[in-house]
Amino acid sequence: MGYPVRLATPGHGFYACRPSPVKRRTHREARMPPADPVQCPPANGTLADPGKERRPNAMIYVLDLFGVLVFAVAGSLAAGRKQMDLFGVVVVALVTALGGGTLRDVTLGLSPVFWVSDPMYVLVAAAAAIGTFVLARSFRLPRRLMLVADAFGLAIFTVIGVRKALGVGVHPGIAVVMGVMTGVAGGMIRDVLSGEIPLILRREIYATASLCGAGVFVGLAHWFPHTPLNAVVAVAVILAARLAAIHWRLSLPVFARRAEEPEDAQDT
Amino acid sequence: MGYPVRLATPGHGFYACRPSPVKRRTHREARMPPADPVQCPPANGTLADPGKERRPNAMIYVLDLFGVLVFAVAGSLAAGRKQMDLFGVVVVALVTALGGGTLRDVTLGLSPVFWVSDPMYVLVAAAAAIGTFVLARSFRLPRRLMLVADAFGLAIFTVIGVRKALGVGVHPGIAVVMGVMTGVAGGMIRDVLSGEIPLILRREIYATASLCGAGVFVGLAHWFPHTPLNAVVAVAVILAARLAAIHWRLSLPVFARRAEEPEDAQDT
Amino acid sequence: MGYPVRLATPGHGFYACRPSPVKRRTHREARMPPADPVQCPPANGTLADPGKERRPNAMIYVLDLFGVLVFAVAGSLAAGRKQMDLFGVVVVALVTALGGGTLRDVTLGLSPVFWVSDPMYVLVAAAAAIGTFVLARSFRLPRRLMLVADAFGLAIFTVIGVRKALGVGVHPGIAVVMGVMTGVAGGMIRDVLSGEIPLILRREIYATASLCGAGVFVGLAHWFPHTPLNAVVAVAVILAARLAAIHWRLSLPVFARRAEEPEDAQDT
């Protein structure tokens, strides 16, 4: 049965064991037999009172959209540094905000991916990109504020990714990979589209913070299942690690080795 | 029930509600219960006479393959500019021609993706790439002809993408995103593989033309469902916008902002 | 019915027609009706004695993990050349080792992808990356050994990709594409993340060796189904072609053409 962690995020949420929303149903019913509640007793069986879970999930949905907003703004600023036009800024913002979750859903086999069934994600990301495009002509966002907001987005995305992966019953180690992927993949694709080597591969504790928080969350979910506090603790761990890294300029060791293959240098 | 737009493109087509072709059946039957026509009354219910739809779809299939051909040639020329070898040219041509539709099918959850079940797409793209590779040694394609053909391919891919997305019942706004993605993603991956920042992110009205046409098509499909003319109008809109942009060198405004973060300049 | 080639690789394997392993079952049962052996008579019908196939598959699983190990080491060294930190090295190693198979599973519609249901793949790749990171500070891997090991990994991945594609009943030509994609896509994403134009697109017979072996395997699988020797022959063909190319520095012709479009030069 895997790890009995509930998962009911509205947007990123796992949808197969609940009565599908109308839009989704149209899609699914053409491809699969109608979802039968009898098929999934375990997921429902762990819920003593499904109504109790509503409130935290609504909060997670709002936090998720906040993460999308922050990442879209960060993507827009990165695109602006490359002199992209309005459309390019929107595309890079969408990729930054939705790329990680898309990759997670595709590799987990949850299809369609989350933003296809809930247009709010695309809407928020596109609005954030256009707003940034317009406002950046006259305002200048405080760099420190952006870094903190981005760290918050990283923390939210990581925890949502782990939750969703645990919710479909994968191995805890794979759930950690999914959490980190949800948090960092969007930024990596953004950098590739901007013609740069992804910064997070080169220095700074960014993904490492995500990794720590994902590990903490998996551990807590194993020992204290169904505790809303787990997510709060994991988010706090990621925020603390990331902000400490920003403040004291911590970084991981860089790959070092003996001189080798001088003929490869010309490829750079 | 979503938006009742029919969709029966043979290749890019949505396959679950029709008796599958032989090859597909082999694949599906191993993973799902045999497709039951009773599962999908809505899609069939909107078809007064399924036979009537045959001819426009055959035309769309041919146009689709024409789009693949044109994009493969464009991809080959881009690869040639980078001094790639024969294999590299074929790979870049395949990615350019099939990348957008692949991304669309994967995010929509339509699997396997369209070119897996119909080898004609890979065949046309590979033949176009090899033909370009051989002929480019002695001929030179008129640049203007290529631009017009590419605009035509963009228009076809966009409309096919929107049709397919509407056919599985997604929100109209998401269908627009899918149409634009089908039209432009292949070219973006091509540019990334070629080591460039995707040109369409930086200047020229390219994706914007696709966006306008996709919006027009969604609107028409909502108000006048099942009218073959919708696709023609949408293609015309995209072609007109793109050719006007080429002719008068129109472009979107570029991201501008006040000087910021000089320390980031070193990343470039 | 497609081409009656069996496929039972444990890790990369096609799982729908066998009693799923425990972890996978948890995932699938929430999304699909329980797998019914009656659903897939053709695949079972071609197996005279399923038990006979066990041993070669265990071997293929080990070889597969060896391929993952080799590709992860190659990815780590490439990341090291770019001065990435420990996390970056692990990410690039994972992408190099698992990217090709992921793309294959996603386009074939086999979800979740292979490494989600078997954590061993991520474990081996991550351990190889960390080991390389640590050891590269004091040791220097012989370049020739790495090239031979990499050729072996390419051969294994290609054959496994073709087998898996044939196992789900796709057209033989598409199976060849899947084999080549499994073998080379990981390395291509690695190069893109490292900020380089993928080397295999530019010179050297690398993907071409994979293509030859994939074609040979599809032909053998068609004429002599269920012969374990097929895979051995295909691996030998790829190894021979690749090692000959390394030894005699063979390469494909490069795209050449008449001078054209000087205004594009500025994009480079």
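A:Leu110 is buried, since 25 other C-beta atoms sit within 10 Å of its own (buried means 20 or more such atoms, exposed 12 or fewer, partly exposed anything in between, with C-beta atoms placed from the backbone). This residue turns up in the loop between helix 4 (86-108) and helix 5 (114-117) of chain A. From A:Leu110 to A:Val90 is 20 residues in sequence and 25 Å in space, C-alpha to C-alpha.

The model is a predicted one, where local features need pLDDT of at least 70, side-chain atom pairs count only at pLDDT 80 or more, and totals for chains, interfaces and linings take in all residues. Residues are numbered from 1 along each chain as its sequence is written, while chains are lettered from A and ligands numbered from 1 in the order in which they are written.

Chain A has ten helices and zero strands (DSSP runs numbered from the N terminus: H or I of at least four residues for helices, E of at least two for strands). Of its 268 residues, 54% count as buried.

Helix 7 (residues 143-167) and helix 10 (residues 229-248) of chain A cross at roughly 145°, their axes coming within 9 Å. Here axes are lines fitted to C-alpha atoms over the stretch in contact, and angles run from 0 to 180 degrees between N-to-C directions. Residues making the contact (C-beta atoms within 7 Å, placed from the backbone) include A:Phe152 of helix 7 and A:Arg242 of helix 10. By class, 15 nonpolar, one polar and one charged residues take part (Ala, Val, Leu, Ile, Met, Phe, Trp, Tyr, Cys and Pro are nonpolar; Asp, Glu, Lys and Arg charged; the others, Gly among them, polar).

Terms used. Two residues are in contact if their C-beta atoms, placed from the backbone, lie within 7 Å.
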